[in-house]
Amino acid sequence: MAGCSKPEIKSNTTAQVAGAVYHAPPPREVLVAPHPASTPPYDDVLTLKEAIHRALRFSPALQSASLEIEAKLGEAAQAAVRPNPELALDLENFGGTGDVRGFQSAESTLSLSQLVELGDKRFKRLAVADLDRAVAVWEFEGARLQVIRETAEAFIDVLAIQETIEQTNEANRIAKELERDVKARVDAGEASPVEIQRTRPIVANTLVRLKAERARLDPTKRRLASMWGQSRADFGRVTGRFSDVDQFVSLDTLLSDLERNPEVARWSDEVARRNAIVELEVAKSIPDLTLGAGVRRLGESENTAIVASASVPLPIFDRNAGNIAAAESRLLKADYERSTSLEALRRAVLSAYADLTSAAAEVRTLSKDVVPPAREAYRAVQSSFKAGASQLLEVLDARRVLFEAELSLIRAQADFEKAKVRIEGLVGRKI
């Protein structure tokens, strides 16, 4: 919407989203306020920029996504840890019969063993964990764009209802004024009492419409406030103006910008992650070596001796072939999933662009060819009626046409803005 700009999104992955460049930053750099966050201040007048700022700062959805990045960071730290050594105490040749009765011939061994991972398993495990976090960052960016889009759409709905209430208030005021003029004429004997009955339904209809729009306003304001976790509207009214419908980017340019969307851009890291999983599963097929050393005490002679051990599993039955095959299939599947995501986004852009151009054409027609002539016609008929040259029905009909045209213009402008916001959420930049 004109006069209202989206806040800059700072992050570091490998594509541009909403005007910023992303490269999978340290999680702390992309986190929103941790829960519980402080309550946003109450504002009498709320702008789109402030609404989006609140949503990005306090959104429960973004708090959840940021904590998932924290969780991935913990998993990456755990993936880098080596296996723990194992301390063992063995006691043999005791509690039997004859020479080994009791503990006289008992042999005890205290040993320490360590699993040695072969095939660079630890580094490959860490690579998978790091890429898991990178994908989580992309998911955070996708959630952020969705929060911006949903907040802007809710803001537009509130603004459109406010505009409708203002127009309906004006229509109600004019209807009441007309009713008073007609009553004055009737009292002066210049018009029939039937004329009053003709004006009363107009007053009643505008009043009904006014009450209906006011009833819609509070739930819509609450829906907007829910974007930053509030159960009630923490603002009085929103302010903004609808943007110019003659200035927006071409369809081909928008389709070429889809590579910026996190749903598409994330696949570079996702493919790398799946390839790392394949390498990890292959490494798991390599048996690990367990080395041990200890001290043994011989019971009868009370002598001590050093013991050493080495063991390795024999990969006869389990060579991790199933997990390797599954990981390879998921790697091949990635290209198809990326294409599916891209095609879904293209269809969404085409649908939103159709709504955008349709709403733009409607706004242009209403603002240039319908509302101004209807306003001029109403003024002319109103002046003529006051001069006694026109009938009341002509005034009522001209006012009805103007009122419906003004409301249609507000609806078309809101439809244009929401289609524009949808596209901006898909391509990741202002259009």
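Asn 320 sits in the loop between β8 (304–311) and α7 (321–386), where helices (H or I, at least four residues) and strands (E, at least two) are DSSP runs numbered from the N terminus. The model is a predicted one, in which local features need pLDDT of at least 70 and side-chain atom pairs count only at pLDDT 80 or more, while totals for chains, interfaces and linings use all residues. Residues are numbered from 1 along each chain as its sequence is written, and side-chain values use heavy atoms, with hydrogens and water left out.

Most residues other than glycine have a negative phi. Asn 320, which is not a glycine, has a positive phi near 60 degrees. With a relative accessible area of 11%, Asn 320 is buried (buried means under 20% relative accessible area, exposed over 50%, and partly exposed in between, with a 1.4 Å probe and protein chains only).

A positive phi, of about 55 degrees, also belongs to Asp 120, again not a glycine. The loop between β5 and α3 (121–187) holds Asp 120, and this residue is partly exposed at 49% relative accessibility.

Leu 87, Leu 89, Leu 110 and Leu 112 make a nonpolar surface patch of about 440 Å². Two or more residues of this patch come from each of β4 (86–92) and β5 (107–116). Patches are made of residues with over 30% relative accessible area and no salt bridge, with like charges joined within 9 Å and nonpolar side chains (Val, Leu, Ile, Met, Phe, Trp, Tyr) within 5 Å; a salt bridge is a side-chain nitrogen of Lys or Arg within 4 Å of a carboxyl oxygen of Asp or Glu. Leu 112 belongs to strand β5 and is partly exposed, with a relative accessible area of 47%.

Terms used:
Areas by Shrake-Rupley, 256 points an atom, 1.4 Å probe, with all protein chains shown as cover.
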